[in-house]
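Open the model in your viewer and keep the selection tool at hand. The tour goes stop by stop.

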2 protein chains.
Amino acid sequence: MSKESRATLKDVARASGVSTATVSFVLNDTPGQTIPETTRDRVREAARDLGYTPHRLARALREGSSRVVLLKLGDLRPGHSLDGFVTGMRHELWRHDYTLVVHPGGADRAALAELVATLAPRAVVDLARPYQGDVGDGETEGSDGGWTDGLAAHTMTQLTYLAERGHANVAFAVPGEAAAGGLAALRLRYAREAWSAVGAGDLHRVSVATGSASTADALRNLRGMHPEVSAVAAFDDEAAFRVLAAMADLDLSAPGDLAVIGFDDGPYGALWRPSLTSVHIDGEGFGRQAARAALGIEPQEPAAPTSVVVQRGST
Amino acid sequence: MSKESRATLKDVARASGVSTATVSFVLNDTPGQTIPETTRDRVREAARDLGYTPHRLARALREGSSRVVLLKLGDLRPGHSLDGFVTGMRHELWRHDYTLVVHPGGADRAALAELVATLAPRAVVDLARPYQGDVGDGETEGSDGGWTDGLAAHTMTQLTYLAERGHANVAFAVPGEAAAGGLAALRLRYAREAWSAVGAGDLHRVSVATGSASTADALRNLRGMHPEVSAVAAFDDEAAFRVLAAMADLDLSAPGDLAVIGFDDGPYGALWRPSLTSVHIDGEGFGRQAARAALGIEPQEPAAPTSVVVQRGST
DNA sequence: AGTGTCCACTTATTCGATTTAGTGATGCTC
DNA sequence: GAGCATCACTAAATCGAATAAGTGGACACT
């Protein structure tokens, strides 16, 4: 393992008295090759003794791509179910002898191209892709294992909760800045669809910006025009916090004046005052699916991973 | 650029009427090689026309390691100056024709080993290393470009602010859970050193845990034993939020009853009520230094990148 | 006896770039 | 005009593994 000299195929071949080809056949279980068990054992033992590990770069050069899957996160911020997604994906890939490389970078196209060129990954999974209209350069691409479909289901979870608690007219809070971009539009669309299925009244849209003053304005405006709105479903926990902060400025309190529910249960929800009810998403299951999709393997667990509401003080 | 056939060195050689060796010499500006400008131009033009890009895997195989630097984040959570650090590091590496790969994983040794084996990076920078006693396997390692030294300076910034605002006796809030581990101990040590240099009175330690009840207990306890404490400096913003949450439970308000200052200015500080004063750190400068250190280049900017206090409502 | 079929392997090529060790031609010096 | 250096290159080895195409021997079948 140390620096001075790692064992190569050739070393193993020499040690076991066969050619490198035979060693390769044995270690890779290459089909269509007739090699007696005794020889196989000899080779495998030699490999073990020498601590042989295939040189991934050499293999990748020969095979045309390395056993790496690149995950591009885009603008998605962590602290979300994303962590679980990554963990799940890493695990499933590992089971198939692949490695996950995560690229957090957002819009920087050049950095991604660099990375793709350097790693020559087997597949690139872009979680942000579904939210952008354009398809990019059409390079190596991969499915997201149902992440987007899941989004619709989780949005449904969020709004069903409000409907069941007796709220008829609600608002959906989307971040004001462009960063959230297509994702916000998508979530809003899903929210509308969900509400028309489970809700009794209307679903309005509030934009919550970074400056708390403008959010307070938006909120006051909403309550002026639609006093019947009794709950807010937020794009994510941060958007929910903005709503709560603006409410504090307006001397409103949750859940009395307005119930607030976040999305994707971040670490701060339990700390806020009032503590924030949110939707907790099982990212790991999706991560595993995404891994299988990237490698072109059949999906394994047809039971769709689910989301649940974590109830706290804000509703 | 598309899939069917990328140009290789050989193609460029054929197109410009020289051997692959010459092409390589020209494109890499190999020193000690006498090649007339006319030939060089011919080669470069052919390379441009064919859209030649060196195959990184092949190059890495030959050179023994790929032009990649692996950054291991350990337990450090984003939303901190860490983002800037990564950006700065990526940029500086890019200038030297290197690529940054970020490994967010925490304790998972196997995953890191996988990654190192797969990428064969030129260097591994482990930001968590300085906080752990052990030195690991002693594989490829790299300095952190003064990140740890900076920590001492930033802690000084945090405590100097409190001293200048007239606080004599303060407490330092560290997270209760093991996750923060060595980093918390390090910060505390730096805080003690800082306070003995700039503070008038004592520096106490409060442990803030995940459950808000226990944090409230700790806080009540502290105020019982040391009623003269007038300010809390927190390990990070999250620890500060825990203090603020516990204060709310105890019917105390900041900054009246207790001033609170966070560390590493996260995105939620401005949203909290009261909004949180924090220390903003210039991560990019450190990232650039770390990049240069990893490549073994002389540091460029001797002027140490600095930290500043962002003042908000909690102090 | 000749042909064919497995078996158990090996040889040699390939992936694409880097680099060492040349080689033929020219010019310069003594 | 012999000796030597310099120029402008090239041939071939190398990195480590994967694999297509053999190769010699044992055995069966007709």
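Helices (H or I, at least four residues) and strands (E, at least two) are DSSP runs, numbered from the N terminus. This is a predicted model, in which local features need pLDDT of at least 70 and side-chain atom pairs count only at pLDDT 80 or more, while totals for chains, interfaces and linings use all residues. Residues are numbered from 1 along each chain as its sequence is written, chains are lettered from A and ligands numbered from 1 in the order in which they are written, and side-chain values use heavy atoms, with hydrogens and water left out.

**Stop 1: both chains**

**Stop 2**

Select the open sheet of four strands in chain A, with order 5-4-6-7 and parallel pairing. Two strands pair if DSSP finds at least two bridges between them. Strand 5 (203–208) and strand 7 (259–261) of chain A stand at the edges, each with a single partner, so one side of each has no neighbour in the sheet. Neighbouring strands of this sheet are turned by 25° against each other on average, direction ignored. Axes here are lines fitted to C-alpha atoms, for helices over the stretch in contact, and angles run from 0 to 180 degrees between N-to-C directions.

Go to strand 6 (residues 231–234) of chain A: three bridges join this strand to strand 7 of chain A, in parallel. A:Ala233 has A:Ile261 in strand 7 of chain A as its bridge partner.

Contact means heavy atoms within 4.5 Å. Next, helix 10 (residues 237–249) of chain A touches strand 4, strand 5, strand 6 and strand 7 of chain A, its direction making about 155° with that of strand 7.

**Stop 3: a helix pair in chain A**

Select helix 5 (residues 82–95) and helix 11 (residues 283–295) of chain A. Their axes come within 6 Å and cross at roughly 45°. That makes helix 5 of chain A oblique to helix 11 of chain A. Show side chains: the contact includes A:Phe85, A:Met89 and A:Leu93 of helix 5, and A:Phe286, A:Ala290 and A:Leu295 of helix 11.

**Stop 4: the sheet of chain B**

Move to the open sheet of four strands in chain B, order 5-4-6-7, with parallel pairing. Strand 4 (residues 170–175) and strand 5 of chain B pair in the parallel sense over six bridges. Where does B:Phe172 stand? B:Phe172 is opposite B:Arg205 in strand 5 of chain B. Finish on helix 10 (residues 237–249) of chain B, which lies across strand 4, strand 5, strand 6 and strand 7 of chain B, at about 155° to strand 7.

How values were computed. Angles under 35 degrees count as roughly parallel, over 145 as roughly antiparallel, 65 to 115 as roughly perpendicular and the rest as oblique.
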